[in-house]
Amino acid sequence: MTGTTAAQRHALGEMGERIAEQHLVAAGMVVLDRNWRCSAGEIDLVLREGHVLVVCEVKTRSSLDHGTPHEAVGDAKLDRLRRLGTAWQAAHGVTVPDVRVDLVAVLRPRRGPSVVEHVRGIG
Amino acid sequence: MAVSTTRAVSLNGAVGHLVDVQTDVSPGQAGLTLVGRPDSMLNEAPDRCRMAVVNSGLTWPATKRITVLLSPADLVKRGTHFDLAVAVSVLAADGSVPVEPLEATAFIGELTLDGNLRAVAGALPMVLAAAERGIRRVFVPEPQAREAAMVPDMEVFGMRSLAQVVAELRGEEVPEAPPVAPMSGARLLSWRGEDRLEETDMSDLLGMEDVRFAVEVAAAGGHHLLLSGPKGSGKTSVAERIPGLLPDLTRSESLELTAVHSLAGILDPSAGMLVRPPFSAPHHDASKASLIGGGSGAVRPGEVSRAHAGVLFLDEFPLFRSDVIEALRQPLESGDVTIARQEESVTLPARGMVVLACNPCPCGEWTKDQRSSRCQCAPRAVRDYQMRATGPVADRVDIVRNLRALRRGDRPDPLSVPESSASIRARVEEARLRQADRFGRESWRLNAHAPGPALRERWPLPPRGQRLLDDQVYGGALSRRGATRVHRVAWTVADLRRLSSPGIAEVETALCLRTGDPLLVAMLERVS
């Protein structure tokens with residue numbers, strides 16, 4: 001049905017994260033960490049934009065057959081990203097008053113150029 | 001534009017509130033939030049809207065955060081007819097539909113997943129409410145277009161699908177769509193119902209002179225009536241002929257009644273506005289909700305409201321459940337009915353003539369004369385029945401008539417043809433005109449609806465007549481309420497006799513009508 005293997009999907013995700021990172025850096029953000037893991041889960045990208053700490057989730061899709069990348073981030077996921085942001089700060093001994101959760105949606109079809117959309121401050 | 005507003009109507013009984021459906025579409029966590037006290041039906045609207053939009057070939061802003069606000073925010077909104085307003089509002093906020101045509105426009109309709117519209121109940125009161133709030137254009141499902149068009153100065157768009165609505169708003173050519181099925185509660189039987197009543201006439205009733213007179217007075221003044229008598233004495237035949245004696249509805253009555261039928265989902269839009277007084281005869285098994293109104297979710301009008309401005313006939317009324325009979329007190333007295341709910345109370349019009357009928361006992365054979373009585377009921381059952389038949393509801397009736405089975409001496413004169421409904425109706429209409437003239441600027445138009453204090457102060461009885469009533473009251477034969485009712489009936493008798501005010505004869509006639517005493521021949525006199 002999907003016609004893809006787990007390895008292919010993993011590769012697509014990694015590709016999306018690289019595209020997203022380039023996009024955000026080009027937009028003037030500073031990457032602090034990538035694929036940071038703890039027992040609670042993983043943050044795709046941790047960045048800084050001015051004085052704001054940005055916890056960024058990257059969603060990559062090769063088609064919209066299974067909904068938009070945006071729709072994949074529900075309430076539970078959003079809560080987890082917020083908690084992970086706190087965990088990241090604790091692990092690095094910093095306290096940042098302004099934390100934001102961003103979403104980068106990458107649509108990378110089989111052919112043609114990728115489409116990147118950066119949504120600031122979801123939830 | 002990221003924010004847009006459309007308008008819908010929320011119904012609270014027969015009262016419609018204009019509701020602003022405001023939508024914001026902006027970046028953020030994707031999804032739709034509906035705020036502003038929706039009920040469970042309305043909460044499902046976003047799911048229906050989304051699929052309807054997608055399946056209509058339009059774009060749903062799936063990557064955006066959509067916030068839909070229904071305001072006024074304190075009002076509970078219920079029903080499925082908000083779908084169209086929500087869908088159009090979202091599309092306009094996302095830029096798929098221009099905002100300008102939404103001005104002074106209301107949207108009413110339920111959507112299906114394939115983007116077609118579905119018929120909804122209550123379109124007429126919704127559009128009426130919208131018109132009062134300055135709405136000039138309304139989009140409704142096609143089956144409701146005729147109903148909506150009954151509202152003057154309203155531009156009505158009867159639509160079949162969301163795609164058609166969007167095309168109309170964009171000023172494009174309206175695409176084809178399958179026709180919308182009428183209300184789900186369509187009549188399955190070609191039942192003749194009220195048509196049958198059209199064929200009945202007072203000329204079918206032989207004899208019964210004093211009942212004929214009582215019915216005429218009741219029709220002329222809008223008085224409640226109690227018919228009591230053994231089975232087969234013609235109580236139902238008399239009651240069924242009363243609507244035929246009533247004039248056509250006034251414009252406001254017609255609107256109120258049509259709105260009530262629209263709310264109940266029983267309006268036949270092809271028949272247009274209702275102009276004839278309705279007749280409703282619920283069975284004595286009827287529940288309180290069916291008679292008074294209620295039900296879960298949206299309030300459905302009961303039989304008392306469906307008989308508004310017409311006749312509500314309760315045959316064998318002592319057999320109705322006691323809570324149902326008790327609940328009838330308010331509409332009998334005030335002409336409207338209030339249904340109290342957890343969070344709201346709904347008032348519906350219920351100003352019909354109530355005609356009660358009862359037997360002398362449960363089996364209907366009891367007579368005072370024990371020897372000729374063929375009654376099989378236990379004495380206690382007879383006592384219980386008669387107690388209920390004379391309870392507080394019966395006290396709220398203006399005119400009481402005792403019918404009796406025909407006897408040998410009653411055989412009518414073959415040469416005399418009883419008067420027809422049409423000629424009685426002419427007198428009733430004239431009497432009603434006199435009342436309308438007299439009450440001019442007041443909020444009521446018929447004697448039966450005139451408040452007691454106003455009557456006593458401005459339209460008093462002659463001193464002798466008032467003394468007669470006072471004697472009855474202090475003698476315990478008549479309650480205070482009963483005296484007020486006699487007062488009203490006396491005015492109606494005077495109106496039928498083309499008198500400028502009632503004299504002692506009219507008061508005596510009214511008293512007889514109220515107490516159920518037989519009328520003297522002189523009392524039956526009518527103007528020709």
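This short talk walks through a predicted model with chains A and B.

Let me start with chain B. The domain assignment gives two domains here. Domain 1 covers 3–170. Domain 2 is written in two pieces, 195–407 and 417–449. Their C-alpha centres lie 40 Å apart.

Now, what does the contact between these domains involve? It takes 19 residues of domain 1 and 18 residues of domain 2 of chain B. On the domain 1 side, three elements each supply at least two residues: strand 1 (3–12), helix 4 (123–132) and helix 5 (145–148) of chain B. Helix 4 gives the largest share, with four residues.

Next, a helix pair in chain B. Helix 8 spans residues 209–221, and helix 16 spans residues 421–439. They pack with their axes 8 Å apart, at an angle of about 40°. Because of that angle, helix 8 counts as oblique to helix 16 of chain B. The crossing is right-handed.

Which residues meet there? Helix 8 brings B:E216, B:A219 and B:A220. Helix 16 brings B:I424, B:R427, B:V428, B:A431 and B:R432. By class, that contact has five nonpolar residues, three charged and no polar.

On to the contact between the chains. Chain A puts in 11 residues, chain B six. The chain B side splits into three nonpolar and three polar, with no charged residues.

Last stop, chain A. Look for the open sheet of five strands. The order is 1-2-3-4-5, and the pairing is mixed. Which strands stand at the edges? Strand 1 (30–38) and strand 5 (115–119) of chain A do. Each has a single partner strand, so one side of each is left without a neighbour in the sheet. On average, neighbouring strands are turned by 25° against each other, direction ignored.

Zoom in on one pair. Strand 4 (residues 99–107) and strand 5 of chain A run antiparallel, paired over five bridges. In that region, A:V104 stands opposite A:H118 of strand 5.

And what lies across this sheet? Helix 1 (residues 6–26) of chain A does. It lies across strand 1, strand 2 (41–49), strand 3 (52–61), strand 4 and strand 5 of chain A. Against strand 3, helix 1 runs at about 140°.

Technical notes: Residues are numbered from 1 along each chain as its sequence is written. Chains are lettered from A and ligands numbered from 1 in the order in which they are written. This is a predicted model: local features need pLDDT of at least 70, side-chain atom pairs count only at pLDDT 80 or more; totals for chains, interfaces and linings use all residues. Domain bounds come from an automatic or database domain assignment. Two residues are in contact if their C-beta atoms, placed from the backbone, lie within 7 Å. Axes are lines fitted to C-alpha atoms, for helices over the stretch in contact, and angles run from 0 to 180 degrees between N-to-C directions. Angles under 35 degrees count as roughly parallel, over 145 as roughly antiparallel, 65 to 115 as roughly perpendicular and the rest as oblique. A crossing is left-handed if the near helix is turned anticlockwise from the far one by less than a right angle, and right-handed if clockwise. Ala, Val, Leu, Ile, Met, Phe, Trp, Tyr, Cys and Pro count as nonpolar, Asp, Glu, Lys and Arg as charged, and the others, Gly among them, as polar. Two strands pair if DSSP finds at least two bridges between them.
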